[in-house]
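Dear colleague,

Please find the structure below, handed over for your study.

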Amino acid sequence: MKSLWVFHVNTGACNGCDIEILDVLIPYYDIERLGVKLVPTPRHAHALLVTGPLTRQAYHAAKMAYEAMPPKPRIVIAVGTCACSGGIFHDSYALRREYRESLEYPLKGGTSEFLPVHLYIPGCPPRPEEILYGIALLKNIVEKKVRGELFREGTFVLPRESFNAWVEVLLRARIRKELGYFDGYSLLRRFMELVESSESKEELEKLVEKTINDEGDSRLRYGLEKLYSYYLEVVRTYEGILAAKRALVGLPK
Amino acid sequence: MTKAYPFEPEEAPPEYRGIPRIDPVLCIGCGACANACPPNAILRIDDPENGTRRIVLDVGRCIRCARCEEVCPTGAVRLTAEFEAATDDRNDHVEIVELRLARCRGCGKYTCYTERQVEKVLSLIPRGILDFDRVREKLPLCSECKLKLTVLNATKFGEVEP
Ligand code: SF4
Ligand code: SF4
Ligand code: SF4
């Protein structure tokens, strides 16, 4: 098929996905290059662009739009996680959905509850490139990238030896409070590498100082300082417990 | 200027929240991610008969909030910068990690945690503080055997072996 005329139906979306559909129509992304045109009535449409998790109210309108389309090719494209599987609204009281056991996968919901869907574009919302990619996939311009995977028990790696693993767990909780997970965890990974690469306490101190001086971002500098002070605190506590236990049991040093 | 995108490859910015992926080398099957995931995109499915646990990640239900990345204790599940997840078959969105459950030392039945979880917990005990071998001896017990042991320990003085 050369050109795809689409009709856009919102079945209860939060509007995030609808905005992204507008985005792909602007000259910067320009989905019309691929022959896609937004038409104002389903009678002219080859494809139905469905967003939203399919509320009970929207169900009838969406069904009417689908039936009004010409019988061929009648393509249905689910845009957004909501339309693919229900998304964040998957267990809302307002949705039209079948009752099912909760442990079935792939998870059901959204548009596939009532229509045969030809293309799923997940994302909440999908970025304009994702929608472009989906349409290109439909027109065989690009290759499919995702694949279902099943990993059975294979190799297992514990990233750190016991003391450092314990320290990491304690530092993780604290750095998350300071910097959040995104910067915090990557900073913690950097810090743990420093800890593992240094042999002695003095070397670690020098390494940390050097890293702090080289770091341009003041938030990360602050985070590194905090991490180092927490690290020293944890090591002190550990040595304190060990000394107390030795004194209690009467073990030699 | 119009982007050349579908005809030219494109990378998302580094902080972009793309689809999540579980690293099967690091995952211990604790199910923290399944617990935290707001739209239930990650399922934890236990099969006590065959002794397996499946962590099932469905990218087509994921809203990319990164709660899983935040709670994962091993850093196994991470949001990648991949965004090209469109497909015509929903089965393509499913990633499964299957792990073995640990066997109970007392009765031999499968417990409700995996072998990797046991290893991970043991690896977290810093040497010298706890009696390492005694912990290792007691660890793989199912909840029933643990209950019995607790009752036995409570009714007798001194410790009782399982
Ligand atoms: S997928 Fe996300 S952005 Fe799109 S309609 Fe649903 S909640 Fe809104
Ligand atoms: S939280 Fe991490 S380690 Fe636990 S099951 Fe999920 S991916 Fe695996
Ligand atoms: S990013 Fe959010 S929605 Fe996606 S799997 Fe992780 S916790 Fe679930």
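**Domains, cores and ligand shells**

The domain assignment, which is automatic or taken from a database, divides chain A into domain 1 (4-139) and domain 2 (163-249). Taken over C-alpha atoms, the centres of these two domains of chain A are 48 Å apart.

This is a predicted model, in which local features need pLDDT of at least 70 and side-chain atom pairs count only at pLDDT 80 or more, while totals for chains, interfaces and linings use all residues. Residues are numbered from 1 along each chain as its sequence is written, chains are lettered from A and ligands numbered from 1 in the order in which they are written, and side-chain values use heavy atoms, without hydrogens and water.

The largest nonpolar core has 27 residues, of which A:Ile31, A:Ile77 and A:Ile131 touch the most other members. Such a core is a set of buried Ala, Val, Leu, Ile, Met, Phe, Trp, Tyr and Cys residues joined through side-chain atoms within 4.5 Å, where buried means under 20% relative accessible area (1.4 Å probe, protein chains only). A second, separate core of 25 residues includes A:Trp166 and A:Leu227.

Around ligand 2 there are 13 residues, with B:Cys27, B:Cys30, B:Gly31, B:Cys33 and B:Cys72 nearest; a residue is near if one of its heavy atoms lies within 4 Å. Ligand 3 is also surrounded by 13 residues, and B:Cys37, B:Cys62, B:Cys65, B:Ala66 and B:Cys68 are the closest.

Technical notes
Buried < 20%, exposed > 50% of the residue type's maximum accessible area, 1.4 Å probe, protein only.
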